[in-house]
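Trainee: Could you walk me through this model? I would like to begin with its pockets.
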Amino acid sequence: MSSKKSTRGQVPAVVDILGFRMAAGEYQEGEVLPVEQDLADSLEVGRNALREAVKVLSGKGLISTAPRSGTKVRPRGEWNMLDPDVLRWHADPDIATEKFMLDLIEMRGIIEPKAAELAAVRATKEDVATILSAYDTMAGSGEDRQARLEADILFHSAILKASHNEVLNHFKYAIAAYLKAHFRRGGSVSDEADQKDLERHRQIAWAIAAGKVKSAYSLTVEMLNSNHSHFSKDE
C-alpha cells in the first residue's frame with residue numbers, strides 16, 4: 001500500500017519535470033527519450049511512476065510510445081496547447097518565447113471581444129457582481145502586484161464564464177497563462193498607462209453590466225490593442 005502511495009505522489013512531479021523539458025526544447029520533436037530504467041534512475045523515481053507520467057504526457061499529446069521505437073516526442077503541432085499544464089510550462093519566464101506570447105495575444109484578440117459581447121447579453125446578476133468585484137480588487141490592489149494579477153485573471157475569467165459558452169469558457173487557462181507570463185517577464189508600465197488600463201477594465205465591466213453589447217466589444221478590442229502595443233515596447 002505504501003508503495004502505491006509513493007508512486008502516486010511521484011507522478012505529478014515527473015510529469016512536470018518532463019513537461020518543462022519538452023516545452024523548453026531540451027527534448028526535441030521526434031527525439032526518443034532515454035530508455036525507461038535510465039530515465040527513471042536519472043529522475044530518482046520508480047519505473048511505475050515513470051510509466052504513469054508517460055501516460056499523462058501522452059494524453060496531453062506531447063509524446064507517443066510504440067514497441068521497439070520507444071517513447072518519442074511528438075511534433076509540437078500535435079500538442080494540446082490549451083491543456084492547463086502545457087500552457088503553464090510554456091508560460092514559465094525561462095521558457096516563454098516571443099512567438100508563444102504573440103500567439104496568445106492573437107488568440108485573445110479573437111476570443112475576448114466576442115466573449116465580452118456575449119456577456120453583455122447573457123450575464124446574470126451573479127456574473128456581473130463577480131466581474132465588478134474583480135475590478136474593485138484590481139483598483140484597490142495598490143503596490144501589491146500579485147493581488148493585481150490574481151484579480152486581473154479573475155476579471156477576464158469571469159467575463160468568459162458570463163458568456164455562458166462552455167467552449168469559450170475553457171480559454172480562461174490560455175488567458176491566465178498569458179497574464180502570468182507577462183507578469184513574470186517583468187514588463188514595465190508607466191503610472192499613466194496603468195491608470196488607463198484600469199479605466200478600460202472599469203468601462204468594460206460597466207458596459208457588460210448595462211448590457212451595452214457594442215461598447216463591451218469595442219472597449220475590449222481597444223484594451224487588447226493597447227496591451228499588444230505595451231508588449232511590443234517591452235520586447
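Trainee: What volume does the second largest pocket have?
Mentor: The second largest pocket has a volume of about 230 Å³. A pocket here is an open set of points on a 1 Å grid over the protein atoms alone, with protein on both sides within 12 Å along at least five of seven lines. Grid points are joined across faces, edges and corners, and a volume is the space filled by probe spheres set on the points.
Trainee: What kind of model is this, and how are residues numbered?
Mentor: It is a predicted model, in which local features need pLDDT of at least 70, side-chain atom pairs count only at pLDDT 80 or more, and totals for chains, interfaces and linings use all residues. Residues are numbered from 1 along each chain as its sequence is written, and side-chain values use heavy atoms, with hydrogens and water left out.
Trainee: Which residues line that second largest pocket?
Mentor: Among them are Arg76, Met81, Phe100, Asp103 and Phe171; a lining residue has an atom within 4 Å of a point. Helix 5 gives the largest share of this lining, four residues. Helices are DSSP runs (H or I, at least four residues), as are strands (E, at least two), numbered from the N terminus.
Trainee: How does that lining divide by class?
Mentor: It has eight nonpolar, one polar and two charged residues. Ala, Val, Leu, Ile, Met, Phe, Trp, Tyr, Cys and Pro count as nonpolar, Asp, Glu, Lys and Arg as charged, and the others, Gly among them, as polar.
Trainee: How many cavities of 30 Å³ or more are there?
Mentor: The count comes to one; a cavity is a set of points where a 1.4 Å probe fits but cannot get out. The largest cavity holds about 50 Å³ of space. Helix 5, helix 7 and helix 11 (213-234) each give two or more residues to its lining, and helix 7 gives the most, with four residues.
Trainee: Changing topic, which residues of helix 6 are buried?
Mentor: Asp127, Val128, Ile131, Leu132, Ala134, Tyr135 and Met138 are buried, meaning under 20% relative accessible area, with a 1.4 Å probe and protein chains only. They line one face of helix 6, because they fall within an arc of 155 degrees seen down its axis; the arc is that of the directions from the helix axis to the C-beta atoms.
Trainee: And which residues are on the other side of helix 6?
Mentor: Lys125, Glu126 and Asp136 are exposed there, that is, over 50% relative accessible area.
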